[in-house]
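Work through the exercises below with the model open. Try each task before reading its solution.

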4 protein chains.
Amino acid sequence: MSDLEKLSASIHEFVEDRDWGQFHDPKSLLIALTGEVGEVAELLQWLPADRAAELVRDAPLSGQIRDELADVLIYLIQLAEACGVELVAAATAKLRAAIDRYPASEHRGVAPNRPS
Amino acid sequence: MSDLEKLSASIHEFVEDRDWGQFHDPKSLLIALTGEVGEVAELLQWLPADRAAELVRDAPLSGQIRDELADVLIYLIQLAEACGVELVAAATAKLRAAIDRYPASEHRGVAPNRPS
Amino acid sequence: MSDLEKLSASIHEFVEDRDWGQFHDPKSLLIALTGEVGEVAELLQWLPADRAAELVRDAPLSGQIRDELADVLIYLIQLAEACGVELVAAATAKLRAAIDRYPASEHRGVAPNRPS
Amino acid sequence: MSDLEKLSASIHEFVEDRDWGQFHDPKSLLIALTGEVGEVAELLQWLPADRAAELVRDAPLSGQIRDELADVLIYLIQLAEACGVELVAAATAKLRAAIDRYPASEHRGVAPNRPS
């Protein structure tokens, strides 16, 4: 069992133990995911773009970002489960399609309209 | 190497091959993530809440949701990398904290203000 | 001068007085808008869909939603200004286009794929 | 009647004529708003941060951003109506509170943690 599978199983158990599955319809989970993306946004919003990669590594910001990105993943896993989607398999397939759609030779150094 | 680690490595290689790393500062990746969450939102927005879990399993919607959730994960992985965050480790730690913060006995069947 | 024009002028002055215009490039403002939408999301996420319209009218939730929707508008106005967009004129034109695109006779009671 | 009030009334009539009010519970409208913010995000994501304010003024991008910001406002107005919130009054009150909370003399040139 991979780390992500273990995490997914633990989240599932966490929710079951609290009988929270009743709140976890796809639309509610999508809204919760939106909330967590918003938390990350609030941490990044005023950082100078060209120094952000460096500043996000400094405490206490680094820990806050770590926590909020964790929450995004936790809700993404739950949303995928509620939709019957195997997340890693779906992303692996999507990446394979992007490799074909954006041949490296033609797209080197050019920002794609929408890269995947 | 787990499936997620393989996926992360493949994304990294995909980006490197196209020299797209120059676009992948944390704020741009957060905006790209927002765009993909928006794509999922557009698929779910008008579904009746109480039938959504069932309707998202019907083609062609099921495939569209699979594709957009895949994109959310792909950008989340890239954002985490740009921020120096190990995503699964962070989420595992966050879940452990939530288990302590929300004892099952006290929170059974009660929607948390913010569950994680 | 309409209420919205007065509000926009006051926001502009607020930002000028604090010399915050330097932070208000379009991408940073979009991220700030995302953060505020996330705040609304956190207030709505676990409400039962069919009772939400009623529950959002009860204090203290009603005041919290009022505050967060206010923030969404404040950042939307700033983002529009940063992009050189006249918001109300743009929305009026967009609505006019939607009226043509979705004739009432053909679309009555049918959720549009994307209504505007 | 101000431009925004006229716009709100026109949106209301547009929705009524199509009997779409049945889809417009707060959570669905919040999801639709998220979708439209995502559309703006996709237009801005790969623009260089320091040239974005200039690039968003060039056609065809300028028209696309205008259209998507319009959609954000249209859904924000509908969400506010669904929640019983008077948007401009709420934002005017919120701005007044921000003026008190962030005295210009103390906050000049310093990015606020969360400015409003």
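This is a predicted model: local features need pLDDT of at least 70, side-chain atom pairs count only at pLDDT 80 or more; totals for chains, interfaces and linings use all residues.

Residues are numbered from 1 along each chain as its sequence is written.

**Exercise 1.** Describe the contact between chain A and chain B.

Step 1. Contact means heavy atoms within 4.5 Å. By this rule, 75 residues of chain A touch 75 residues of chain B.

Step 2. Buried area is the accessible area (1.4 Å probe) that two parts lose on being put together, summed over both. For chain A and chain B this is about 6000 Å², with 70% of it on carbon and sulfur atoms.

**Exercise 2.** Find the salt bridges between chain A and chain B.

Step 1. A salt bridge is a side-chain nitrogen of Lys or Arg within 4 Å of a carboxyl oxygen of Asp or Glu. The count between the chains is two.

Step 2. One salt bridge joins A:Lys94 and B:Asp71, whose closest N and O atoms are 2.6 Å apart.

**Exercise 3.** Check the length and burial of helix 4 of chain A.

Step 1. Helices are DSSP runs (H or I, at least four residues), numbered from the N terminus. The expected span is 1.5 Å times one less than the number of residues.

Step 2. Helix 4 of chain A has 22 residues, so it should span 32 Å; its end C-alpha atoms are 32 Å apart, which agrees.

Step 3. Buried means under 20% relative accessible area (1.4 Å probe, protein chains only). Of the 22 residues of helix 4 of chain A, 16 are buried, so the helix is largely enclosed by the rest of the structure.

Note on methods: Chains are lettered from A and ligands numbered from 1 in the order in which they are written. Side-chain values use heavy atoms; hydrogens and water are left out. Helices (H or I, at least four residues) and strands (E, at least two) are DSSP runs, numbered from the N terminus. Buried means under 20% relative accessible area, exposed over 50%, partly exposed in between (1.4 Å probe, protein chains only).
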